[in-house]
Amino acid sequence: MDNLNKKVALITGGARGIGKAISLKLAEQGFYIVVNYRSSSNLIDELIKEVEKRGSKAIAVCGDVSIFEDAKNIIKEAVSAFGRIDVLVNNAGITKDGLILRMKEEDFDQVINVNLKGTFNCIRHVSPIMVKQRSGKIINVSSVVGIAGNAGQVNYSAAKAGIIGVTKSTARELASRGINVNAVAPGFIKTDMTDTLSDKVKENTLNGIPLKRFGTADDVANVIAFLASPSADYLTGQIINIDGGMVM
Ligand SMILES: NC(=O)c1ccc[n+]([C@@H]2O[C@H](COP(=O)([O-])OP(=O)(O)OC[C@H]3O[C@@H](n4cnc5c(N)ncnc54)[C@H](O)[C@@H]3O)[C@@H](O)[C@H]2O)c1
């Protein structure tokens, strides 16, 4: 595939939910899109068509971000398709909720491995590329739960808090190389991930949101598009809540 000096954005777990909204928004902003997915589905073909409708190009790369070698391969495929990576959005994530009294060791490990280690793995492999380019933007998807905690989400809040630490340390390390590293901390966003929560949990959550509505995937994608743009060149090491005022 040719590289017409277009900027390239890689979105992990980008086929559905927030990741899909990010992929489409960045395509609208003129980025070529590399969408990582874990298991094949017709969502990928649909997404590629949607990107093309927006006048851009996309490739899909299968891989599990929690596996170091998969992450290496995802980055390699992106570079071999488009020659560069300007933006990495570490969006892939999972939940396996449960109270601490009952949480299984494997549920703790899995959530840490996908959310936190997956973020490390992708940053580890994209850094040499961005250092060589002397430019790049890394945007990590944390959560307000990583800031405020949440009953039933010890594993998830630990992973998302860890992502905040990774964001700040990496921002300090890579700033002199022209690389910005920031994170977003979404609140309650309507996606498949939150669809499974009970009506009671949803009602309680809504009561704690000053703007009195749940967020949409586009609410998150809009902020990420800003962080990916030159308008955010003077921002690094920041965690931006996108939560209708839930945590302040
Ligand atoms: N929905 C919310 O309210 C909310 C709030 C705060 C943060 N977030 C975060 O936003 C991100 C997107 O969540 P979403 O709501 O769109 O959920 P989602 O479940 O719809 O999307 C998650 C995506 O990650 C992919 N994925 C999971 N494990 C993977 C792996 N090992 N390798 C590669 N891809 C993998 C999934 O296939 C899916 O496409 C996640 O990091 C999530 O923790 C969501």
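Me: Which helix gives the most to the lining of the largest cavity?
Reply: Helix 4, residues 105-133, with five residues. Keep in mind that this is a predicted model.

Me: What else lines the largest cavity?
Reply: The lining includes Thr12, Val65, Asn90, Asn91 and Ala92, along with Val114, Asn115, Gly118, Thr119 and Cys122. By class, that's four nonpolar, six polar and no charged residues.

Me: And what volume does the largest cavity have?
Reply: About 30 Å³. The count comes to one cavity of 30 Å³ or more.

Me: OK, pockets now. What's the volume of the largest pocket?
Reply: About 1200 Å³. It is lined by 49 residues, and Gly93, Thr95, Tyr156, Thr191 and Met193 lie nearest its centre.

Me: How does that lining split by class?
Reply: 22 nonpolar, 21 polar and six charged residues. Among the elements that each supply at least two lining residues are helix 1 (17-28), strand 2 (32-37) and helix 6 (154-174).

Me: Switching to the sheet: what's the strand order?
Reply: 3-2-1-4-5-6-7, seven strands in an open sheet with parallel pairing. Strand 3 (58-62) and strand 7 (239-242) are at the edges with a single partner strand each, so one side of each has no neighbour in the sheet. The twist averages 20° from one strand to the next.

Me: How many bridges between strand 4 and strand 5?
Reply: Four, in the parallel sense. Leu88 stands opposite Ile138 in strand 5.

Me: Where does helix 4 pack?
Reply: On the sheet, touching strand 4, strand 5 and strand 6 (179-186). The direction of helix 4 makes about 175° with that of strand 4.

Definitions and conventions:
Residues numbered from 1 in each chain as written. Predicted model: local features only at pLDDT ≥ 70, side-chain atom pairs only at ≥ 80, totals over all residues. Heavy atoms only, no water. 1 Å grid on protein atoms, 1.4 Å probe; cavity = no way out; pocket = protein on both sides within 12 Å on 5 of 7 lines; lining within 4 Å. Points joined across faces, edges and corners; volume = space filled by probe spheres on them. Nonpolar A, V, L, I, M, F, W, Y, C, P; charged D, E, K, R; others polar. Pairing = 2+ DSSP bridges. Axes fitted to C-alpha atoms, helices over the stretch in contact; angles between N-to-C directions. Contact = heavy atoms within 4.5 Å.
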